[in-house]
Amino acid sequence: MEKKVVLITGCSSGIGLGLAVRLASDPDQTFKVYATMRDLAKKERLLESVKGPHRDNLEILRMDVTDRQSIWDAKDRVVEKRVDVLVCNAGVGLMGPLEAQPLHSMRHVLEVNLLGTIQTIQAFLSEMKARGQGRILVTGSTGGLHGLPFNEVYCASKFAIEGACESLAVLLKHFNVHVSLIECGPVNTSFMVNLQKAEVGDPSLKDVDAQTLSLYEKYLQHCSSVFQTAAQDTEDIVKVFLTAIQSPSPSFRYFTNGAMPPLTRLKFTEPDGAQYISAMSRIIFSEQ
Ligand SMILES: NC(=O)c1ccc[n+]([C@@H]2O[C@H](COP(=O)([O-])OP(=O)(O)OC[C@H]3O[C@@H](n4cnc5c(N)ncnc54)[C@H](OP(=O)(O)O)[C@@H]3O)[C@@H](O)[C@H]2O)c1
C-alpha cells in the first residue's frame with residue numbers, strides 16, 4: 001500500500017518531534033514523514049528517537065515558516081511530489097504586560113504563528129485542491145478560543161488561526177480537503193522555556209505600574225501550578241493527531257482533553273462575555 005506522505009513543521013522539540021517519531025515509527029509502516037525544523041543542528045534528538053528500519057520512513061528538512069523560500073525549497077525536496085497530510089505545528093509564545101512588549105517581539109509571534117502557518121498552507125494548497133484530497137492539521141490552542149491575561153499577542157495569533165482555518169475549511173470541503181485544529185491546553189514541552197517571557201524584576205518592566213506587576217506575579221504562579229498539575233504529555237497530544245489523521249471523516253476541531261474545556265464552553269453559552277471574564281479573573285488572580 002502507498003504510504004501516506006506527512007510533512008510536519010516545528011519538529012526540533014515538543015509536539016512536532018513527538019508526532020514525527022510516532023508516525024515514522026508506525027508499526028504498520030504507514031507513513032513517510034518529512035519532519036521539518038528551522039535549525040538542522042537540532043535534528044539529533046529526532047534521529048536518535050527513530051530506530052533502525054524506521055529511519056527509512058523519515059526525512060528531515062530545513063524549513064523556517066517565516067522564510068517563504070525555505071518552505072518552497074522543502075516542498076521541492078518531497079520526492080513523492082505530493083503531501084497527503086500537512087501538519088502546521090511550529091509556534092512561539094510571548095508573555096508579559098502588553099505595554100512592555102517590544103514591537104519586534106509581537107511581530108515575531110504573529111509572523112511565526114499566523115503568517116508562518118498561512119504561508120505554509122499556501123505552498124501546499126493548490127496541489128491538494130488539484131488532487132481532490134488532503135489533510136491540513138494545525139496545532140491550535142485553547143488560547144485561540146478564549147483570552148488569557150499577559151498572553152494578548154499569543155492569543156491574538158491563535159485566535160487569528162482559528163478564523164483562517166475555519167474560513168478555509170468551508171471552501172476546502174468542496175475539494176475533499178479536510179482542515180482540523182488540534183486544540184491543546186497546557187502540554188509538557190519546551191514551549192514555556194522557549195517562549196519570550198518578561199521576568200519580574202526585568203528592566204523591561206520598569207515602567208509598568210505596581211498593580212499590573214502584582215497581578216503578573218500571580219499569573220506566573222498560576223501558570224506554573226497549572227503546568228505542574230494539569231499539563232498533558234506530548235504522547236496524549238500525538239494520539240489525538242493520530243485519530244484525526246486516521247479518521248475517514250475528520251472533525252474540524254479536536255480537544256486534546258476529550259471535550260471542550262468548561263471555560264471555553266462558558267464563552268459560547270454566555271456570549272456577552274462577562275461571565276467568562278469574571279470566571280477567568282477569579283481563577284487566575286484569586287488563587288492562593
Ligand atoms: N506546550 C503548550 O502548552 C501548548 C499549548 C497549546 C498550544 N501549543 C502549540 O503547540 C505548538 C508546538 O509547540 P510545543 O508545545 O511543541 O513547543 P516547542 O517544544 O517550543 O516547539 C515549538 C517548535 O516550533 C518551532 N519553531 C519556532 N519558530 C519557528 C520557525 N520560524 N520556523 C519553524 N519552526 C519554528 C521550534 O523550533 P526551534 O527549536 O528552532 O525554536 C520548535 O520546533 C505551537 O504551535 C504552540 O503554540 C502548545
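Biologist: What makes the radius of gyration of the chain agree with that of a compact globule?

Modeller: The rule for a globule is 2.2 Å times the number of residues to the power 0.38, with the radius taken over C-alpha atoms; for 288 residues this gives a value near 19 Å, and the chain has 19 Å, so the two agree. The C-alpha atoms fill a box of roughly 60 × 40 × 35 Å along the principal axes. Please keep in mind that this is a predicted model, in which local features need pLDDT of at least 70 and side-chain atom pairs count only at pLDDT 80 or more, while totals for chains, interfaces and linings use all residues. Residues are numbered from 1 along each chain as its sequence is written.

Biologist: What is the secondary structure of the chain?

Modeller: The chain has 10 helices and nine strands, where helices (H or I, at least four residues) and strands (E, at least two) are DSSP runs numbered from the N terminus. Among contacts between residues at least 6 apart in sequence, 75% join residues at least 24 apart, a contact being two C-beta atoms, placed from the backbone, within 7 Å.

Biologist: Why does Y154 count as buried?

Modeller: A residue is buried if 20 or more other C-beta atoms lie within 10 Å of its own, exposed if 12 or fewer, and partly exposed in between, with C-beta atoms placed from the backbone; Y154 has 24 such neighbours and therefore counts as buried. Y154 is found in helix α5, residues 152-172, and, leaving aside neighbours within four places in sequence, is in contact with G93, L94, V109 and G143. UniProt, in an unreviewed entry, places the feature "active site" at Y154; such annotations may be inferred rather than shown by experiment.

Biologist: What makes strand β2 mostly covered?

Modeller: Seven of the seven residues of β2 (31-37) are buried. In a regular strand the side chains alternate between the two faces of the sheet. In β2 both faces are covered, with F31, V33, A35 and M37 buried on one side and K32, Y34 and T36 buried on the other. Strand β1 (4-8) pairs with β2 in the parallel sense over five bridges, and pairing requires DSSP to find at least two. L7 stands opposite Y34 in β2.

Biologist: Which residues of the shell around the ligand are the closest, and what classes make up that shell?

Modeller: The ligand is surrounded by 30 residues, the closest being G10, G14, A90, G91 and F191, where a residue is near if its C-beta atom, placed from the backbone, lies within 6 Å. The shell has 11 nonpolar, 15 polar and four charged residues, with Ala, Val, Leu, Ile, Met, Phe, Trp, Tyr, Cys and Pro counted as nonpolar, Asp, Glu, Lys and Arg as charged, and the others, Gly among them, as polar. Its largest share, three residues, comes from α1.
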